[in-house]
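Here are some exercises to work through with the model open beside you. Try each task before reading its solution.

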Amino acid sequence: MVFGMGSVAQFVFSEGKAGSPDQVRWSWGLGVTFGVYVAGGTSGGHLNPAVTLTLCLFRKLPWSKLIPYWIGQYLGSFVASGLVYAVYYDAFHSFKGGNKTIETSSIFVTYPQDYLSVANGLGDQVFGTAVLMLLVSALNDPKNMSPGKGYVPLVVGLVVVAIGMTFSQNCGYAINPARDLAPRVFLLLAGWGTKVFSYNNYCWFWIPVAGPHIGAVLGGSLYEICINPCLPALGCGTKTPQVEVSALDDLADHQVEPTGSANRVLVYPSSVTRPKS
């Protein structure tokens, strides 16, 4: 969050002289990568409430962890907003008379283009998050072509960069409820007032929250229904063992066991005890 919002702040306050739109997109993607590297060993790198909810729905994460993770995700985004505001405090109070406008609030949150309808904006967020969830599911599936555990955060960050480079024109690319709602609450408390919620007659602020949740469930469903049953590691039509996995790789040890003329790969997730030889 701090890398993404910090890059936008630098771009806005320099009026485009320091940074570029692509630099902003790379900063958000790298921020995701670094965040997962930091939190991966404790929570599995859960940064997105929509992704966490989807993993619970597909029984890849216990429901008991949903609320604690959500609290951490929203609180983390709120604190990150405060840190960026503190670092650029003088800039906020000198830029264009120090007025707390929609322009400076866009450092923290997303807004739609004037041409964008509510339906199109919602569809934008649903689609972007569905793509994110589909790819996160594939990257963390040891039966698929998953990269090594240490590379997953990097590739997920590249996914965020790619989404930003292709689908940010309409309304930014929140694709994460915590990334938009928590900073919006911070702005409300920091003096921007209710305009950050009332923008477009209250027809926008809820879209970066609802859209990602819907999109993540759709993306996860697409993977579980269309891809997962037909992965060759377990054979088409075989259900995935219901074990707890993290958002970004709690994943597995592998053991090759001879079965006649072929070898069979056994996958023992970290939460399952490997049988003794």
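**Exercise 1. Find the handedness of the crossing of α9 and α11, then describe the contact.**

Step 1. The crossing of α9 and α11 is left-handed (the near helix is turned anticlockwise from the far one by less than a right angle; clockwise would be right-handed). Helices here are DSSP runs of H or I with at least four residues, strands are E runs with at least two, and both are numbered from the N terminus.

Step 2. Before going on, a note on the source: this is a predicted model, in which local features need pLDDT of at least 70 and side-chain atom pairs count only at pLDDT 80 or more, while totals for chains, interfaces and linings use all residues. Residues are numbered from 1 along each chain as its sequence is written, and side-chain values use heavy atoms, with hydrogens and water left out.

Step 3. Now the geometry: the axes of α9 (residues 177-192) and α11 (residues 207-227) come within 8 Å and cross at roughly 160 degrees. Axes are lines fitted to C-alpha atoms, for helices over the stretch in contact, and angles run from 0 to 180 degrees between N-to-C directions. The two helices α9 and α11 are therefore roughly antiparallel (under 35 degrees is roughly parallel, over 145 roughly antiparallel, 65 to 115 roughly perpendicular and the rest oblique).

Step 4. Pro 177, Asp 180 and Leu 181 of α9 meet Pro 208, Val 209, Pro 212 and His 213 of α11, where contact means heavy atoms within 4.5 Å. By class, that gives five nonpolar, one polar and one charged residues (Ala, Val, Leu, Ile, Met, Phe, Trp, Tyr, Cys and Pro are nonpolar; Asp, Glu, Lys and Arg are charged; the others, Gly among them, are polar).

**Exercise 2. Describe how α1 and α4 pack.**

Step 1. Their axes lie 9 Å apart, at an angle of about 35 degrees.

Step 2. The crossing of α1 and α4 is right-handed.

Step 3. On the α1 side you will find Val 2, Met 5 and Gly 6, which meet Ala 80, Ser 81, Leu 83 and Val 84 in α4. This contact has five nonpolar, two polar and no charged residues.

**Exercise 3. Which residues touch the most other members of the largest nonpolar core?**

Step 1. Recall that a nonpolar core is a set of buried Ala, Val, Leu, Ile, Met, Phe, Trp, Tyr and Cys residues joined through side-chain atoms within 4.5 Å. Buried means under 20% relative accessible area, exposed over 50%, and partly exposed in between (1.4 Å probe, protein chains only).

Step 2. Of its 36 residues, the answer is Phe 92, Ile 107, Phe 108, Leu 132 and Trp 192. Elements giving two or more residues to this core include α1, α4 and α7.

Step 3. Look at Phe 92: leaving out residues up to four places away in sequence, its contacts include Phe 13, Val 84, Ile 107 and Trp 192.

Step 4. A second, separate core has 10 residues, among them Ala 50, Val 51, Leu 61 and Ala 216.

**Exercise 4. Is Thr 129 buried or exposed? And Asn 144, what does it count as?**

Step 1. Thr 129 is found in helix α7, and Thr 129 is buried, with a relative accessible area of 0%.

Step 2. Beyond four places in sequence, Thr 129 touches Ile 175, Pro 212, Gly 215 and Ala 216.

Step 3. Asn 144 sits in the loop between α7 and α8 and counts as partly exposed, at 25% relative accessibility.

Step 4. The C-alpha atoms of Asn 144 and Pro 232 are separated by 8.4 Å, although the two residues are 88 residues apart along the chain.
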